[in-house]
Amino acid sequence: MNQDVLTERRGPVLVITLNRPRTGNAFDRAMLGELARAFDLLETGSDLAAGVVTGTGRDFCVGADLRAGEEALRDMVLDVGSGVLGREVSKPLVAAVEGYALGGGLELCLACDLVVAARDARLGLPEVRHGGIAAGGALLTLPRRVPYQIAAELALTGDIRPAEFFARWGLVNEVVDPGTSLTRAMDVAGRICGNSAIATSATKRILQQSTAWPPGEAWERQRAHVEPVLRSAGFTEGLRAFVEKREGMSPA
C-alpha cells in the first residue's frame with residue numbers, strides 16, 4: 001500500500017515527504033492524518049532535532065484535493081487547523097518547495113519556520129477562485145507577518161505569485177535553483193541541529209508566542225522559557241567550548 005506521507009531519518013533531521021504526486025500532493029483526509037503522525041514522530045523523537053517538509057514529484061502541494069467530495073472537503077477544511085496545520089511543533093521545520101505550493105500547500109509553508117523555494121516555484125491562495133476560503137492558517141498568520149495590503153492581495157485575489165515575490169516580503173528565506181530546494185533545506189536544518197536542542201526549541205516557542213504577550217508581561221513570560229536553557233548541560237558546554245576556543249556543543 002502506498003503511503004501518502006513518507007518519513008526518513010537523516011541523522012537528527014526527519015525528512016517528511018508528501019507522497020501523492022499524481023494529484024500534485026493534494027491533501028485528503030488520509031494524507032492529513034499521516035502528516036499529523038509525522039509531526040508527532042518529530043516531536044517525540046529524542047534523537048530528532050529538526051524536520052524538513054518536501055513533496056514527491058513536480059510540486060510541493062497544490063492544497064486540498066477538490067475531488068474529495070463536497071461534504072468531505074468541507075469537514076477537512078474545518079478541521080485542518082486544529083488537526084494538523086495549527087498544531088504546535090516545538091522543533092524547527094524547514095519547507096523545501098518545488099513547483100506549486102497553493103492553498104493548504106502555502107499554509108503548510110507558513111506553518112514551517114523557514115522556507116527554501118526553487119526559483120520557478122509558484123505560491124498562492126486560490127481558494128476564493130473556487131468558492132472556498134483559506135482556513136488552514138493563512139488568514140490568521142499573514143496579517144501578522146506582512147503588511148495588511150499584501151495579505152489582502154494574496155487572499156482576496158487568489159493570485160499565484162513566483163517565489164521571488166514571497167522572498168521580497170520575507171515569507172521565503174531563500175530562492176534557489178530548481179531541483180535544489182531539498183539539498184539546501186537539509187543544509188539549513190543541519191546548521192540548526194548543530195545548536196543546542198533545548199535552546200532552539202525555547203527560541204522557537206518565544207518567537208511564536210511572544211506576539212500575543214501583553215507588553216507588561218512579556219519579560220516574565222520569556223523568563224519561564226529562558227531559565228531551563230540557562231540551567232541546561234548545553235549552556236554549560238557551550239560556555240566552556242567558547243572559553244576554550246573549540247568547537248563542541250551538546251545537543252541537550
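How many of the eight residues of helix 3 (residues 104-111) are buried? In this predicted model, seven of the eight are buried, so helix 3 is largely enclosed by the rest of the structure.

**Helix 3 and L106**

- The buried residues of helix 3 are G104, G105, L106, E107, L108, C109 and L110.
- L106, which lies in helix 3, has a relative accessibility of 4% and therefore counts as buried, since the cut-off for that class is under 20%.
- Apart from neighbours within four places in sequence, L106 is in contact with A101, L123, G124, L125 and F166.
- L106 and L42 are 64 residues apart along the chain, and their C-alpha atoms are separated by 21 Å.

**F39 in helix 1**

- F39 belongs to helix 1, which covers residues 29-44.
- Because its relative accessibility is 3%, F39 counts as buried.
- When residues up to four places away in sequence are left out, F39 touches I16, V53, V84, R87, V89, L93 and L108.
- One of these partners, L108, is also among the buried residues of helix 3.
- Between F39 and D4 there are 14 Å from C-alpha to C-alpha, and the two are 35 residues apart in sequence.

**N25, a residue with positive phi**

- N25 is placed in the loop between strand 2 (13-18) and helix 1.
- The phi angle of N25 is positive, at about 60°, although N25 is not a glycine.
- With a relative accessibility of 0%, N25 counts as buried.

- K91 sits in the loop that runs between helix 2 (70-85) and strand 4 (93-97).
- Side chains of opposite charge can pair when their charged atoms come close.
- Which side chain of opposite charge is nearest to K91? It is E43, at a distance of 6.0 Å.
- Beyond its neighbours within four places in sequence, K91 is in contact with L42, E43, G45, L48, A49, D113, S201 and K204.

**Salt bridges**

- How many salt bridges does the model contain? The count comes to 15.
- In one of them, the side chains of R74 and E71 meet with a distance of 2.7 Å from N to O.
- R74 and E71 are three residues apart in helix 2, and so about one helical turn separates them.
- R74 is partly exposed, with a relative accessible area of 37%, and E71 is likewise partly exposed, with 48%.
- A further salt bridge joins the side chains of R161 and E153, with 2.3 Å from N to O.
- R161 counts as partly exposed at 22% relative accessibility, and E153 counts as partly exposed at 24%.
- R221 forms a salt bridge with E217, and their closest N and O atoms are 2.7 Å apart.
- The relative accessible area is 36% for R221, which is partly exposed, and 37% for E217, which is also partly exposed.
- A network of salt bridges links R20, D28, D65 and R67.

**Helix 8 and helix 9**

- At what angle do the axes of helix 8 (residues 197-209) and helix 9 (residues 218-230) cross? They cross at roughly 175° and come within 9 Å of each other.
- Helix 8 is therefore roughly antiparallel to helix 9, because angles over 145 degrees are placed in that class.
- On the side of helix 8, the residues in this contact are I198, A199, A202, R205, I206 and Q209.
- On the side of helix 9, the residues that meet them are Q222, H225, V226, P228 and V229.
- Sorted by class, the contact between the two helices has seven nonpolar, three polar and one charged residues.

Key
Residues numbered from 1 in each chain as written. Predicted model: local features only at pLDDT ≥ 70, side-chain atom pairs only at ≥ 80, totals over all residues. Heavy atoms only, no water. Axes fitted to C-alpha atoms, helices over the stretch in contact; angles between N-to-C directions. Helix = DSSP H or I, 4+ residues; strand = E, 2+ residues; numbered from the N terminus. Parallel < 35°, antiparallel > 145°, perpendicular 65-115°, else oblique. Contact = heavy atoms within 4.5 Å. Nonpolar A, V, L, I, M, F, W, Y, C, P; charged D, E, K, R; others polar. Buried < 20%, exposed > 50% of the residue type's maximum accessible area, 1.4 Å probe, protein only. Lys, Arg positive; Asp, Glu negative; His and termini not counted. Salt bridge = Lys/Arg side-chain N within 4 Å of Asp/Glu carboxyl O.
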